[in-house]
Amino acid sequence: MSKILEMIHITKCFPSVMANDNVTLAVEEGEVHSLLGENGAGKSTLMNVLCGLYRPTSGSIKLDGEEVKFSSARDAMAKGIGMVHQHFMLIPTMTVLDNCLIGAKDAGKLVLDRKTTAEKLSELIEKYDMKVDLNAKVGSLSVGQRQRVEIIKVLYRGARILILDEPTAVLTPQETLELFEMIRSLTENNFTVLFISHKLNEVKEISDKVTVLRQGCVTGTYKTDDCSVEDLARLMVGREIDLSVNREECEKCEVLLDVKNLVLENAEEQKRQLDDICFEVREGEILGVAGVDGNGQSELVECLTGMQVASSGEIMYKGRDLRKMKTREIMASGISHIPQDRQKTGLIMPMTLVENFALQDYYCKEFGKCVYLNWGAVEDHSKKLIKDFSIKTPSEFELAQNLSGGNQQKVIIAREISREPELLIAMHPTRGLDVGAIEYIHQQLVEQRNQGVGILLVSTELEEVMKLSDRIVVMYEGKIMGMVKPSDVTIEEMGLMMGGQELDSIRIKKAV
Ligand SMILES: Nc1ncnc2c1ncn2[C@@H]1O[C@H](COP(=O)(O)OP(=O)(O)OP(=O)(O)O)[C@@H](O)[C@H]1O
Ligand SMILES: [Mg+2]
């Protein structure tokens, strides 16, 4: 195989951070080359340099042995480099076809040849078995389908080097399998793929080589076959990782949250997004909600946190009906919420970390001073959280948008746990976190539980739910398929339930 790409001594400095420090990387044609590194190690920045979004402070890039200079993503695309970003960049109100047309070469022409474009796109979709409807509105697609649109978009524009930044973070296991099939058929056709993921088993499965970054520097490039998953973790974090959790048996305590016959109707589609949901969360227990993404979990959390009003049913929290309360009242009543979309509902991206840390409680005694904000108190609080949760940032005055994806997630978790909630509603809390950070967040969740906090943990990571939860409810198509204790079921049985199959009802009853 020949070297298709070389990044040579790349350094990228932001005003107060050196994100890439003298990075050299060589990639061969037709290989899948992974980048591994802790949150904030500089992976996305390096790839943004490669795809022309950032200009390197110094260093050079060679394609097929020839030096290239990009001053925009369009330049890089013209040379065959396309990137699917960590946070998607599609316009939800437009169709798949129109999203692919925006910014494409032909879009500059006076008359757009939509028919020819549609034909070319259909060929691509068929060749790589991508299963996407060109006329569907992007907003109506599942996350996995949206990602395929991003991939189709860059392939249509002529990419032969494809950069995928954490593509599997938001995918279901089935969608990940499909993506891997697609990657394999692309590399068989001589495409080269740069792949970023925190899921080490995926890196091991899909890539030929892996380059490890630590604090902006390359620590080495390895053949994936020569490394175990444990080796990869150690290379990345620089220490052994222990993902086992230590927790005492949960003693049945008072019921904190009691959800009865909850229904959410979708008038447009004439179907129930939540169908007769019943469960309770007690003090000092983690109740896991397992399920493939899109089976009502988001709607459930939105109803619990006041972002949607349920059509019928009861949500009793310490004797009060949450359905009758506004989001602010709910948050002030001892409930914390780690939302699923960190950029849309978790943070205000153009605001500083100090401001983001104060978002939920700025009006409370702790931070308020008459009608003013007690900035000194909020700043001290921010400094403490940045230290406790090892958030990688130059200071507490950095804008949230300048943090790496994983560090943005840590800001939300730190804020919500520090509010000392009685009930914590956590949706995909470890999505996008590196293994070291996952270890810390798992410990934090268990510690909260041991102190009596009730936790509703919604996650699509089956192993995470199985390991942390005292009991698990499985959701499928807006219904609860059953309630089980993790020790009473196997991962395979859980998988079947998540696919809509009912386990022997007697067995489930016994398990609870
Ligand atoms: N536009 C920016 N302005 C200022 N600093 C930035 C900017 N983009 C990234 N950084 C900083 O550069 C460093 C590397 O960030 P990067 O996003 O490349 O990390 P990453 O390895 O992709 O992490 P993650 O796994 O969390 O996505 C971080 O300290 C981040 O705060
Ligand atoms: Mg990143």
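How do the residues of the shell around ligand 1 divide into nonpolar, polar and charged?

## Ligand shell

The residues of the shell around ligand 1 are five nonpolar, 13 polar and two charged. In this classification Ala, Val, Leu, Ile, Met, Phe, Trp, Tyr, Cys and Pro count as nonpolar, Asp, Glu, Lys and Arg as charged, and the others, Gly among them, as polar. The model is predicted: local features need pLDDT of at least 70 and side-chain atom pairs count only at pLDDT 80 or more, while totals for chains, interfaces and linings use all residues. Residues are numbered from 1 along each chain as its sequence is written, and chains are lettered from A and ligands numbered from 1 in the order in which they are written.

Ligand 1 is surrounded by 20 residues, of which A19, S44, T45, S404 and G406 are the closest; a residue is near a molecule if its C-beta atom, placed from the backbone, lies within 6 Å of it. Two or more residues of this shell come from each of β2 (17-28), α1 (43-50) and α14. Helices (H or I, at least four residues) and strands (E, at least two) are DSSP runs, numbered from the N terminus. Domain 1 (3-237) and domain 3 (343-419) each give at least three residues to the shell.

## Domains

The protein is split into domain 1 (3-237), domain 2 (242-334 + 421-512) and domain 3 (343-419), with bounds from an automatic or database domain assignment. The centres of domain 1 and domain 2, taken over C-alpha atoms, are 34 Å apart.

Between these two domains, 12 residues of domain 1 are in contact with 11 residues of domain 2; contact requires C-beta atoms, placed from the backbone, to lie within 7 Å. On the domain 1 side, helix α8 (residues 229-237) gives the most, with three residues. That side has six nonpolar, four polar and two charged residues.

## Helix pair α14 and α15

The axes of α14 (residues 405-418) and α15 (residues 435-450) come within 12 Å and cross at roughly 15°. Axes are lines fitted to C-alpha atoms, for helices over the stretch in contact, and angles run from 0 to 180 degrees between N-to-C directions. The crossing angle therefore makes α14 roughly parallel to α15 (under 35 degrees; over 145 is roughly antiparallel, 65 to 115 roughly perpendicular and the rest oblique).

In α14, G406, K410, I413 and I417 meet A437, I441, Q444 and Q448 of α15. By class, this contact has four nonpolar, three polar and one charged residues.

## Helix pair α4 and α5

Helices α4 (residues 114-127) and α5 (residues 143-156) pack at about 120°, with axes 10 Å apart. That makes α4 oblique to α5.
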